[in-house]
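Here's a quick tour for anyone meeting this structure for the first time. Have a look at the picture, then read on.

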Amino acid sequence: MTETDSTTTSGDEQGGGLATADEEPLSPEETEDDGDGAPKPRASVRRLEEEGEVAADYLEELLDIVDLDGDIDIDVENGRASVAIVTESGRDRELRSLVGPRGEVLEALQELARLAVQAKTGERSRLMLDVAGYRAGRRRTLEELAARAVSEVRRSGEPVRLEPMNAFERKVVHDAVADAGLASESEGVEPSRFVVVLPGS
């Protein structure tokens, strides 16, 4: 059975833009959902910083275990804690084992870091983890992919289906398509869920 989530327009969402398949419409008191359709209460900056600190402690222990050098940056972005493992310029290759093919290891580490935060705070975390700038680079690639899909849809007038992606990647594509003035939706079931770029009405 195929699941389909269409984009919708909502003035309640922060910024007043399009709410995509992987992002529920928001009220001023809510932050975006975590892909399960249930909006989460907005967390205080202090609580998010605490999440980042707990995750950083966990990741530092992990780096010691696997004998890898890396610095950990903590930030708060878009209503969630953001943690990045970085190295000095030119040494990112040493951390690539923590990314894995198509970011699979990174996704697993992110989930482990979220579980570590939950065990410490008693609350579910939506923390985002990046390693050696992988997500930033992947974001650029996906934005270029979305731009090509938008061009193809405008040329042909037909929907364009993209490759399966995780929730982070789908959201990047949805946002890029919305910025270009078209709509998109997610179809399929994890881990084969994918984005469809739709022609304009």
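Glu 163 counts as partly exposed, at 36% relative accessibility. In this predicted model, Glu 163 pairs up with Arg 102 in a salt bridge, with the closest N and O atoms 3.5 Å apart. Glu 163 sits in strand β9 and Arg 102 in the loop between β7 (80–86) and α2, so the pair ties together parts that are 61 residues apart in sequence.

**More on salt bridges**

- Arg 102 is partly exposed too, with a relative accessible area of 47%.
- How many salt bridges turn up in the whole structure? A search finds 11.
- One of them links Glu 123 and Arg 47, whose closest N and O atoms are 2.7 Å apart.
- Glu 123 is in the loop between α2 (104–121) and β8, while Arg 47 belongs to helix α1 (residues 45–66), so this pair ties together parts that are 76 residues apart in sequence.
- Both ends are partly exposed: Glu 123 comes in at 37% relative accessibility, and Arg 47 has a relative accessible area of 28%.
- Glu 152 and Arg 155 also meet through their side chains, at 2.6 Å from N to O.
- Those two are 3 residues apart in helix α3, which puts about one helical turn between them.
- Glu 152 is partly exposed, with a relative accessible area of 31%, whereas Arg 155 counts as exposed at 62%.
- Shared partners join Arg 102, Arg 138, Glu 163 and Glu 169 into one salt-bridge network.

- Glu 169 belongs to helix α4.
- Is Glu 169 buried or exposed? Glu 169 is buried, because its relative accessible area is 3%, under the 20% cut-off.
- The side chain of Glu 169 makes a polar contact with the side chain of Arg 138, at 2.7 Å.
- Beyond its neighbours within four places in sequence, Glu 169 touches Arg 102, Tyr 134, Arg 138 and Leu 142.

**Helix α4 itself**

- Helix α4 runs over residues 167–179, and its 13 residues reach 18 Å from first C-alpha to last, close to the 18 Å expected.
- Asn 166 caps the N-terminal end of α4, with a side-chain oxygen 3.2 Å from the backbone nitrogen of Phe 168.
- After α4 comes Gly 181, with a positive phi near 90°.
- The buried residues of α4 include Phe 168, Val 172, Val 173 and Ala 176.
- Among the elements covering the buried residues of α4 are β8 (128–131), α3 (134–156) and β10 (183–187).

**Around the rings**

- Arg 135 lies over the face of Phe 168, 4.7 Å from the ring centre.

Note on methods. Residues numbered from 1 in each chain as written. Predicted model: local features only at pLDDT ≥ 70, side-chain atom pairs only at ≥ 80, totals over all residues. Heavy atoms only, no water. Lys NZ or Arg CZ within 6 Å of the ring centre and 35° of its normal. Helix = DSSP H or I, 4+ residues; strand = E, 2+ residues; numbered from the N terminus. Expected span 1.5 Å × (residues − 1). Buried < 20%, exposed > 50% of the residue type's maximum accessible area, 1.4 Å probe, protein only. Contact = heavy atoms within 4.5 Å. Polar contact = N/O pair within 3.5 Å; in protein donor to acceptor, adjacent residues only side chain to side chain. Salt bridge = Lys/Arg side-chain N within 4 Å of Asp/Glu carboxyl O.
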